[in-house]
Each structure stands twice: as C-alpha cells, then as structure tokens.
Amino acid sequence: MHYLRKQAAVTSLSRLRDTVTLLGSTGVLIHQQRSRGRASVDHLALRRSEERFRLAFDHAPVGLAEFSQTDDGLVMTRMNRAAATVLGVHLFDTRYRGVDDLMAVADGEPLSRQLMSPLGEDRPLSRREIRLRRPDGSRFWGLVQAVLLPAVTGRRTLLLQISDISEDKSLVLEMTQLARRDPLTGLPNRVAVLDRLEEAITAAATDGRRGSVLFCDLDNFKQVNDRYGHLVGDQVLSEVADRLGKAGREADTVGRFGGDEFVMVAYPLTLDEAWGVSNSVQDLLAEPMVSNGIALRLHVTIGIAEITGHDSALEVLCNADADMYAMRSRSRRIRSDSTA
C-alpha cells in the first residue's frame, strides 16, 4: 500500500514536471514569436521612416547635397532635384563627382578648401554667399551652408544647402545704387560724392599724387525757377548734369551735391589742370539751354580745392566752397567796375 502511494506521488511529480516544461517551452515560443513580431514591426517602421526621409530629401524645395570625405576629396553621395536645378547639372550624372566639379567657384578659393576647415574642426560652415559657375558658363550667386553629419559609415559627411540668390543680390545692388543716385539728374548724390572724395584722399596720402575738387554753383538758377516754374528748372538741372558729365574724364566723379550745387572729384588732377577743366565747364554751360521753347543762359561760379591727402573730405569741400564764394565776389566786383 505504501509502495503504491509512493509510485503515485512519483508519477504525479513527473506529470507536473512535464507540464511545467511544456508550459515553459510554450512561453519561450510565445516570447520568441512576440520578439520576432516586434522586430518585424520595428524594421517596417524603420523602412517607412527611411522612405519618408528619402522622399523629403528628394522633393525638398531647397537644394540639398550630401558630400563624403574620401581619399580623393569630397565627393557627392546624394543630391536632390532642387540642387541639380540650381547647379545646372543632370541629377543622374552627379553621383561620386567632386565638390569642385559640381560647384565651381567663379571667383576666389575653391569650395573644397572652404569646406575642409570646418570639416576638420567639427564645426558648421557659416552661411556664405559665393559666386558659382554652372557647366554652361553662366554665373550666379549661391547661398551655401554646410552641416557636419554624425559619422555612420566611418566617413565624415557634409550636408549642404544651396540656394540661388542672384535675384536678391541684384535687388540689393539696385537699391544701393538708387540710394546713391540723385533721382532727378541720375548723377551720384552727396553720399556717393563724399565716398569718392574719401577714396581720392586715401589714394593721395598713399601715392603722393594730387587731385582736385571743383565746386560748381549756378548763379541765377533761382530766377529761372521763379520766372518759369520748377518743371523748367528741373529740365535745366538735368541739362547741366549732362554737360558737366561731358566736361569730366571717365574716371572723374560728377555729382549733384544739393539744389543747384554740383561737385566734381578728379583724381589725379593738378590745380593747373583743374583750371583748364573749370574753363571747359564755363564754356559748356555758357551755351544757351532750350526748355519748352525757352532759350536760357546760365552763369556758373566754380571754386577749386586741392586734394593732398592731409585734409579731411569736409575740409577739402569747405576749401572749394570758400574759393567759389571768393570767385563770385571777384566776378561781381569786376562787373560792378565795368558798369561804373
């Protein structure tokens, strides 16, 4: 009886062990299946994420290009359509080409050298405006910014953003030129004249040569405005500007300083040569001007100051202005004496 009970207990324990073993194997199988399921889901999510990134990269509205560092330098490993359009290249013909081949700098240091510094120092390239040349020879202003990507394949990789900013540069240049031009005559305005005078003073201080400033003031222009109106006065000022431009050399700067005052900055030009230019201006402006069928004669008084490199722009202009007033007083005395 005791034996039978012992055998029954052993049999029960054996069955329990088999049941536990079966349950354990089943649990392992279930865990493995769940792990494989999660891995499959994760792999699918990763593939979808990579596909979304690829689509975002390829169809981004801004130019994007990926360059990796190799023994042959920086070579292109990926580029989107927008970048190919900006650079004027065929997308299928860009892979593994060098950065200087795809993005040739028109003037200055090659782009590969500009990129190697931040690449070696683990820092991003600051935004740079670079004039680039397309394969067809056309040139454009490109805004280039590079970011160093985390190393995944063991090679250093740069992601470049490329934009064509030629229109923006042209607009800024046009606005700058307009800001330095007199709207009525088209001549350089006071700001531009002062800048040119500063340049001439610096040049004179450097090379020892001399220049001259001619300060021209129309004597009876107020009478023209009062008698014939400002429309005629504006036409007269435009005609004066044209004639002054013909009196100067190509390298000279003739500008409208304000009202009926004009300034010529001539460098290099000696005082003797300046007097010759002054006489030419007098002769040109002495010719009658016809506006709306009205023949007008103007008189101009011209003061001259020397550019030596020692005086400031303001001092040179003050000297020319003072000489102009002295010339006017002298002319009035001469006319007064001749009529006495």
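The model is a predicted one. Its largest nonpolar core has 28 residues, and a second, separate core has 24 residues.

**Nonpolar cores**

- Within the largest nonpolar core, the residues with the most contacts inside it are Leu218, Val236, Val240 and Phe262.
- At least two residues of this core come from each of strand 7 (211-218), helix 7 (221-228), helix 8 (230-247), strand 9 (261-266), helix 9 (271-286) and strand 12 (300-307), and helix 8 gives the largest share, with seven residues.
- When neighbours within four places in sequence are left aside, Val236 is in contact with Phe221, Val224, Met289, Leu296 and Leu298.
- The second core, which is separate, includes Leu74, Leu87, Leu132 and Ala146.

- A polar atom of the Ser212 side chain lies 3.4 Å from the backbone oxygen of Thr270.
- Beyond neighbours within four places in sequence, the residues in contact with Ser212 include Met264, Val265 and Ala266, together with Leu269, Thr270, Leu271 and Ala274, and also Ile304, Ala305 and Ile307.

**Strand pairing around strand 6**

- Strand 1 (residues 63-70) and strand 6 (residues 157-164) run antiparallel and are joined by six bridges, with Ser68 standing opposite Thr157 of strand 6.
- Strand 6 also pairs with strand 5 (residues 139-149), in the antiparallel sense and over eight bridges, and here Leu143 has Ser163 in strand 6 as its bridge partner.

How values were computed. Residues numbered from 1 in each chain as written. Predicted model: local features only at pLDDT ≥ 70, side-chain atom pairs only at ≥ 80, totals over all residues. Heavy atoms only, no water. Core = buried A, V, L, I, M, F, W, Y, C linked by side-chain atoms within 4.5 Å. Buried < 20%, exposed > 50% of the residue type's maximum accessible area, 1.4 Å probe, protein only. Helix = DSSP H or I, 4+ residues; strand = E, 2+ residues; numbered from the N terminus. Contact = heavy atoms within 4.5 Å. Polar contact = N/O pair within 3.5 Å; in protein donor to acceptor, adjacent residues only side chain to side chain. Pairing = 2+ DSSP bridges.
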